[in-house]
Amino acid sequence: MELREIVILALKFSLVMIPFALVPLMILMERRGAAYIQDRPGPGRAAIQIGGLRLRAFGMIHNLTDGVKLFFKESFVPPFANKWFYILAPAIPVITAVLTPALIPWFGPFSFLSANTGKPISVVGPFLDANAGVLALFALGSLSVYGVVLGSWASRSKYALLGGMRASAMMISYEVSMGLSALGLFLLVGSFSLTAVVDWQAENAWGIFVQPIGFLLFLTSMFAETNRNPFDVAEGESEIVAGFHTEYSGVKFALYFMGEYCHIVIASALIATLYLGGYDLLPFDLSFDRRITWLPAGPYDARFIAAHLGGMLAFVLGATALLAFAFNLLVGRRSRNYGRMAASDKAARLREYGFFRVLSLLAGLGLAAGAVAAYLLIKTAPVQGQIYPLSISLAVAAVQIGVVLAKTLFFCWLFVWVRWTLPRFRYDQIMALGWKVMLNIALVNLLVTAVIAKLVMK
């Protein structure tokens with residue numbers, strides 16, 4: 001294995017850590033989103049003093065202090081608990097959160113010529129490529145519930161045991177609907193490979209358009225699989241204290257919720273891959289219409305990105321610059337509103353807001369300058385054949401990773417939005433929805449899809 005292959009393998013492994021890297025952002029999104037929806041300030045008291053600047057970072061320092069507190073608290077094991085299973089249980093969701101992202105295609109396949117032999121070397125998006133990748137992902141993802149069930153049983157608490165029983169019942173109920181809702185798409189694609197699913201969507205249309213009912217069923221099932229509102233009866237604070245994690249504290253409690261947020265990110269990435277085209281740019285394949293001269297022929301948009309690499313990088317950098325400028329405007333409005341208040345910490349807050357305004361303005365200007373430079377300096381002509389120079393292939397992969405992350409973050413916000421909007425369902429309502437409604441709709445959807453595929457598809 002030559003050096004370039006080792007470097008690419010290391011870069012692909014770093015993509016597996018994306019869910020863990022997004023956990024702090026998810027926690028901040030959860031808290032700030034809840035505060036926004038409930039029309040309240042949200043976390044903002046914890047701060048770090050840096051010279052004359054009291055840095056709160058809009059709640060990020062609050063999250064940091066919570067993490068430090070949890071990871072350094074005393075590791076207490078209740079005397080009535082089964083010690084080894086009690087300790088092992090929180091690690092199971094984290095382990096599955098490490099393995100499942102390795103099966104998601106974060107970018108499209110590409111090839112480059114070996115420096116030693118001159119033969120093409122193929123690179124695929126998933127770190128662990130498998131023809132039945134989605135089945136392996138479902139199998140690994142379903143193991144996370146064993147951490148909840150084992151932890152609840154090992155706690156020897158009636159409230160924890162009730163939460164574990166609810167979690168296992170939801171897993172059995174909603175994984176059936178989840179699998180059946182996705183089978184319609186796999187029937188159309190003809191493969192269980194996630195890369196093949198994305199390529200089929202690039203050639204035809206995104207899954208959300210060809211399987212809208214399957215998308216809604218799959219999305220609902222994912223809310224149940226991740227124990228999020230309105231399906232968080234496994235925790236049910238108003239009914240069973242805190243459910244499966246009642247007897248947990250410190251780092252073990254943190255591991256449970258780190259696993260939950262990681263699974264939200266993974267679920268969002270999987271939904272984006274199956275129903276929003278994954279790393280594909282366009283919802284439909286427009287290459288059949290030759291009047292659209294700027295779109296290259298063929299279903300794989302990697303050729304389009306490579307042929308217009310400067311423009312694509314300029315678009316990505318420009319969109320990020322607009323986000324930085326929007327953040328600057330939001331901070332400015334917040335600073336003006338706070339300046340009109342008679343708060344005791346007004347001076348410190350205004351200094352912090354000023355710091356972030358300058359920082360976001362500089363970041364936006366730098367990104368805008370990068371976008372202009374990319375558009376003017378990077379002129380990539382279409383390359384004949386399927387093998388591009390490695391630098392172009394890596395740039396295309398970077399754009400595709402950005403596309404997947406943007407879609408993933410959209411669904412992450414949807415998880416937060418739904419949690420703080422809908423009330424918790426009763427346990428009997430959840431069981432009735434899973435077995436009496438969703439299962440039947442999923443079966444009918446699969447039957448109709450099979451008939452249409454038989455009559456229409458060649």
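Reply: Happy to! One term first: a residue counts as buried when its relative accessible area is under 20%, as exposed when that area is over 50%, and as partly exposed in between. Please also keep in mind that this is a predicted model.

Let's start with helix α5, which spans residues 91-99. Its buried residues are I92, P93, V94, T96 and A97. What lies over them? The cover for the buried residues of α5 includes α2 (18-37), α4 (83-88), α6 (133-142), α7 (144-155) and α13.

Across the whole structure, a search finds 21 aromatic pairs. One of these is F215 with Y275, an edge-to-face pair with 5.6 Å from centre to centre and 65° between the planes.

Now compare F355 and F356. Their ring centres are 5.3 Å apart and their planes stand at 75°, so this pair is edge-to-face. F355 is partly exposed because its relative accessibility is 36%, while F356, at 12%, counts as buried. Both residues belong to one aromatic cluster, together with F58, F327, Y338 and Y353.

F215, L219, M222 and F223 of α11 meet F411, L414, F415 and V418 of α17. Two packed helices are described by the angle between their axes and the distance between the axes. Here, the axes of α11 and helix α17 (residues 390-419) come within 12 Å and cross at roughly 65°. Angles of 65 to 115 degrees count as roughly perpendicular, which is why α11 and α17 are described that way. The crossing of α11 past α17 is right-handed. In the loop between α11 and α12 (237-240) you will find P230, and a cis peptide bond, with omega about 5°, joins N229 to P230.

With 6% relative accessibility, T449 counts as buried. Which residues does T449 touch, leaving aside neighbours within four places in sequence? They are G184, L187, L188 and Q211. For T449 and G184, the C-alpha atoms are 5.9 Å apart in space, although the two residues are 265 residues apart in sequence.

Finally, two rings have a charged side chain over the face. K83 lies over W84, 5.3 Å from the ring centre, and R156 lies over W153, 5.6 Å from the ring centre. R156 is in the loop between α7 and α8 (158-189). R156 also has a positive phi of about 55°, although it is not a glycine.

Terms used. Residues numbered from 1 in each chain as written. Predicted model: local features only at pLDDT ≥ 70, side-chain atom pairs only at ≥ 80, totals over all residues. Heavy atoms only, no water. Phe/Tyr/Trp six-rings, centres within 6.5 Å; stacked < 30°, edge-to-face > 60°. Buried < 20%, exposed > 50% of the residue type's maximum accessible area, 1.4 Å probe, protein only. Lys NZ or Arg CZ within 6 Å of the ring centre and 35° of its normal. Axes fitted to C-alpha atoms, helices over the stretch in contact; angles between N-to-C directions. Helix = DSSP H or I, 4+ residues; strand = E, 2+ residues; numbered from the N terminus. Parallel < 35°, antiparallel > 145°, perpendicular 65-115°, else oblique. Left-handed = near helix turned anticlockwise from the far one by under 90°. Contact = heavy atoms within 4.5 Å.
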